[in-house]
Amino acid sequence: MDWIRLTKSGKDLTGLKGRLIEVTEEELKKHNKKDDCWICIRGFVYNVSPYMEYHPGGEDELMRAAGSDGTELFDQVHRWVNYESMLKECLVGRMAIKPTVLKGKLWHL
């Protein structure tokens, strides 16, 4: 219940003052510390630093996905959890789509 109270408090839990950004892999990798921890789940990036003390599995479990795509780990542990609702106030943005070259042509995946 304390986590719900915090999410309803109006406090900026993203650290971005309400802006949503496009996050590159390079940017995501920079946020890999307990007090600055971003995790990607299904293409959406969340600042989970404020959630650390509330996570039932503890900080160490969240830190396993710090600065990376934690989708696979999340699905292994608790696929059934509605993270979108629980972390909506922590949403930083979406992962950037990387352009790729296929047969000499530039495509966006």
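Is Arg 5 buried or exposed? Arg 5 is exposed, with a relative accessible area of 54%, where exposed means over 50%, buried under 20% and partly exposed in between (1.4 Å probe, protein chains only). This is a predicted model, in which local features need pLDDT of at least 70 and side-chain atom pairs count only at pLDDT 80 or more, while totals for chains, interfaces and linings use all residues. Residues are numbered from 1 along each chain as its sequence is written, and side-chain values use heavy atoms, with hydrogens and water left out.

**Salt bridges**

- A salt bridge is counted when a side-chain nitrogen of Lys or Arg lies within 4 Å of a carboxyl oxygen of Asp or Glu. By this rule there are 6 salt bridges.
- Arg 5 pairs with Asp 2, and their closest N and O atoms are 2.7 Å apart. These two residues are separated by about one helical turn because they are 3 residues apart in helix 1. Asp 2 is partly exposed, at 46% relative accessible area.
- Arg 64 forms a salt bridge with Glu 61, with 2.8 Å between the closest N and O atoms. Arg 64 is exposed at 54%, whereas Glu 61 counts as partly exposed at 24%.
- Arg 79 forms a salt bridge with Asp 75, the closest N and O atoms being 2.9 Å apart. Arg 79 is exposed at 55%, and Asp 75 is partly exposed at 21%. Through salt bridges that share partners, Arg 42, Asp 75 and Arg 79 are joined into one network.
- Side chains of opposite charge can pair when their charged atoms come close.

**Nonpolar cores**

- A nonpolar core is a set of buried Ala, Val, Leu, Ile, Met, Phe, Trp, Tyr and Cys residues joined through side-chain atoms within 4.5 Å.
- The largest nonpolar core has 19 residues, of which Trp 3, Ile 39, Tyr 46, Val 48 and Leu 87 touch the most other members. Helix 1 (2–7), strand 3 (36–41) and helix 4 (71–78) each give two or more residues to this core. Strand 3 supplies the largest share, 3 residues.
- Helices (H or I, at least four residues) and strands (E, at least two) are DSSP runs, numbered from the N terminus.
- Leaving aside neighbours within four places in sequence, Leu 87 is in contact with Trp 3, Tyr 46, Val 48 and Tyr 51, contact meaning heavy atoms within 4.5 Å.
- A second, separate core holds 8 residues, including Val 23, Trp 38, Val 45 and Val 92.

**Strand pairing**

- Two strands pair if DSSP finds at least two bridges between them.
- Strand 1 (residues 21–23) and strand 6 (residues 91–95) run parallel and are joined by 3 bridges. Here Glu 22 has Arg 94 as its bridge partner in strand 6.
- Phe 44 stands opposite Arg 94 in strand 6.

**Asn 32**

- Asn 32 lies in strand 2 (residues 32–33) and counts as partly exposed, at 36% relative accessibility.
- The C-alpha atoms of Asn 32 and Ala 66 are separated by 4.6 Å, although the two residues are 34 residues apart along the chain.
- Apart from neighbours within four places in sequence, Asn 32 is in contact with Met 63, Ala 66 and Gly 67.
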